[in-house]
Amino acid sequence: MAILKRAISKDASVVSYALDATDMVAEIERIHETSAVVTAALGRLAIAASMMGYGLKGEKDTITLRVDGKGPAGQLVAVADSHGNVKCDVEHPIVEIPLNAHGKLDVGGAVGTDGMLSVVKDLGLKEPYVGMCPLVSGEIAEDIASYFATSEQTPTVCGLGVLVNPDLHVKAAGGYLIQVLPFASDACIDQLEKNIQGLPHVTKLLTDGMTPDQIALRLLDGLEPNLLDEATVSYHCDCSQERTERVLVSLGKQELEQMAADGEDITVTCHFCHKQYTFTPDELRKLAKKS
């Protein structure tokens, strides 16, 4: 169970998010059977998506983060709803590369930097909002901050971390966001810079026993913060038999009839949770009539 907390400064000019996503990222590793560096990369993207999703206002709003840096992990995608629940997928779940110069998992090396971060917000309007920015480092957190600065003109500090044991189990995972509103004073910004400068890595905070509410408040230290709200978030895939049928119907009558004529059951596997849906030739023919 992952816990997300949000805090706000007394003058309401700064909001902070903090998320302990250890259980959520452990579920990502279990489902996608990722190598350590891919667990870290996909986990970071999912943590960012969860916090950004929780900031959406509409009940059915969703946000999709897609990273394609031309690295060995290929394309990574994470989708979150407005409750902060998330699902994700990666093109190549197993990547084995050396540690980086600091002796840490080389997330940037796995993701790559020759590409873009795209953010798609489905807010129930006629067209979704789409924002894109070039990848800065492939380490995800810097790329998220760059997106907010360039596409939404919102000064943002982002910290993301996934600590993976040698046996590939997730020891700690979490993240934080600090978002500064346009009317924030210079003194407020100075205080934030001071807070961030002395802040340990997010996985260090979690392994030292700090809770998300303590982290959210510490980020806004000196600004008389209060906790705003909280949520329990999880890895959640909303696939279903009905959704899968709609996907098949979209293939068109001719394609479905050809599949049915082969006389074999077909199985559709969900990319996000690996659940399988099987359809007989008779069921395919019925779906063909709906196309």
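**Pocket and cysteines**

Guide: The largest pocket holds about 570 Å³ of space. This is a predicted model, where local features need pLDDT of at least 70, side-chain atom pairs count only at pLDDT 80 or more, and totals for chains, interfaces and linings use all residues. Residues are numbered from 1 along each chain as its sequence is written, and side-chain values use heavy atoms, without hydrogens and water.

Visitor: How many residues line the largest pocket, and which lie nearest its centre?

Guide: A pocket is an open set of points on a 1 Å grid over the protein atoms alone, where a 1.4 Å probe fits, with protein on both sides within 12 Å along at least five of seven lines; lining residues have an atom within 4 Å of a point. Here 25 residues form the lining, and Lys87, Asp238, Cys239, Arg243 and Phe272 lie nearest the centre.

Visitor: Which element gives the largest share of the lining?

Guide: Strands are DSSP runs of E, at least two residues, numbered from the N terminus. Strand 4 gives the largest share, 4 residues.

Visitor: How many disulfides does a search of the whole structure find?

Guide: A disulfide is a covalent bond between the sulfur atoms of two cysteines; the criterion is a pair of sulfur atoms within 2.5 Å. The search finds 0. Cys237 is in none, with the nearest cysteine sulfur, in Cys270, 3.6 Å away.

Note on methods. Points joined across faces, edges and corners; volume = space filled by probe spheres on them.
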